[in-house]
Amino acid sequence: MGMALPKVKAADDITPALAKILEAAEAEFADKGFDGAGMKALALRAGVSQSLLHYHFGSKDQLYAAVIRARSRKINAERLERLAAVDLVAADALHQVFSALFAPALGPSGGGRAYARIFAGLIVGNEMDQALVRECYDPTAKIFLNALETALGGVDRASAAQVYQFSLGTLAAVIAKDGRAERLADGKTAQPDDAALLDRLVQFVVGGARSIAAPQT
């Protein structure tokens with residue numbers, strides 16, 4: 001049986017004031033991690049009283065879950081909108097699918113470096129993180145798996161799932177934009193803009209996906 005997640009407000013209940021709190025909490029969790037972020041510091045960063053934070057979210061667990069749910073709604077909505085426009089029988093269908101998957105996380109919907117740190121932790125997280133991934137990301141992931149199966153010429157579900165998971169691991173390393181690639185290159189390459197970064201990421205993952213889907217000899 002999966003972990004029971006804390007109940008938080010639905011999307012329609014998120015007022016501008018609560019959205020501001022969630023944005024501040026996202027930044028605090030990104031900087032300190034879940035364990036390092038206390039409710040007092042979270043309240044201070046949000047510019048509200050700790051009692052108000054408890055009133056709206058109850059506990060740190062609930063606030064963290066609200067942050068993940070709010071951000072994932074934005075990312076998934078844009079992902080599905082982009083995927084709906086993909087021509088799955090086009091020659092570049094695979095490129096289109098991965099662009100639809102990656103672009104929202106790299107753009108405004110993705111929350112920038114702050115959520116990038118949280119996202120990386122979700123992938124290898126604890127039981128609560130895994131439960132949030134199942135709730136907030138798995139339904140959309142399964143829709144993308146359907147698209148990958150078609151774009152890869154009818155590849156089996158297990159291979160499509162593996163391609164998807166490998167792709168997310170690559171995305172997590174890229175969205176941090178921590179300058180490591182530039183450091184490893186001894187400063188001989190500049191960090192690409194978001195469009196160039198997306199193109200390179202898609203090109204890299206498409207090559208790996210096709211290799212996995214190709215019949216092994």
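The axes of H4 and H5 come within 8 Å of each other and cross at roughly 155 degrees. That angle is over the 145-degree mark, so H4 runs roughly antiparallel to H5. Keep in mind that this is a predicted model.

**H4 against H5**

- H4 passes H5 in a right-handed crossing.
- On the H4 side, the contact is made by Ile-75, Glu-78, Arg-79, Arg-82 and Leu-83.
- H5 answers with Val-97, Ala-100, Leu-101, Ala-103, Pro-104 and Ala-105.
- Sort the residues of this H4 and H5 contact by type and you get eight nonpolar, no polar and three charged.

**H5 against H9**

- Helix H5 covers residues 93-106 and helix H9 covers residues 157-175; they pack at an angle of about 30 degrees, with their axes 11 Å apart.
- An angle under 35 degrees counts as roughly parallel, and H5 and H9 are therefore roughly parallel to each other.
- The crossing of H5 over H9 is right-handed.
- From H5, the residues that meet H9 are Phe-98, Leu-101, Phe-102, Ala-105 and Leu-106.
- Their partners in H9 are Val-163, Tyr-164, Ser-167, Leu-171, Val-174 and Ile-175.
- By type, the residues in this contact of H5 with H9 come out as ten nonpolar, one polar and no charged.
- Leu-101 and Ala-105 of H5 turn up in the contact with H4 and again in the contact with H9.

- Helix H8 takes in residues 138-151, and at 1.5 Å a residue its 14 residues should span 20 Å; the end C-alpha atoms sit 19 Å apart, which agrees.
- Its buried residues are Thr-140, Ala-141, Phe-144, Leu-145, Ala-147, Leu-148 and Glu-149.
- Those buried residues of H8 pack against H4 (60-84), H5 and H9.
- Just past the end of H8, Gly-153 takes a positive phi of about 75 degrees.

**Leu-22, in H1**

- Leu-22 is found in helix H1, which covers residues 16-36.
- With 6% relative accessibility, Leu-22 counts as buried, because the cut-off for that is under 20%.
- Setting aside residues up to four places away in sequence, Leu-22 touches Ile-14, Phe-57, Leu-63, Ala-66, Val-67 and Ala-70.
- Leu-22 and Leu-101 are 79 residues apart along the chain, and their C-alpha atoms are separated by 24 Å.

- Gly-58 sits in the loop between helix H3 (50-57) and H4.
- Its 37% relative accessibility makes Gly-58 partly exposed.
- Ser-109 has its place in the loop between H5 and helix H6 (112-123).
- At 16% relative accessibility, Ser-109 counts as buried.
- Leaving out neighbours within four places in sequence, Ser-109 is in contact with Arg-71, Lys-74, Ile-75, Glu-78 and Pro-104.
- Among those partners of Ser-109 are Ile-75, Glu-78 and Pro-104, which also belong to the contact of H4 with H5.

Note on methods: Residues numbered from 1 in each chain as written. Predicted model: local features only at pLDDT ≥ 70, side-chain atom pairs only at ≥ 80, totals over all residues. Heavy atoms only, no water. Axes fitted to C-alpha atoms, helices over the stretch in contact; angles between N-to-C directions. Helix = DSSP H or I, 4+ residues; strand = E, 2+ residues; numbered from the N terminus. Parallel < 35°, antiparallel > 145°, perpendicular 65-115°, else oblique. Left-handed = near helix turned anticlockwise from the far one by under 90°. Contact = heavy atoms within 4.5 Å. Nonpolar A, V, L, I, M, F, W, Y, C, P; charged D, E, K, R; others polar. Expected span 1.5 Å × (residues − 1). Buried < 20%, exposed > 50% of the residue type's maximum accessible area, 1.4 Å probe, protein only.
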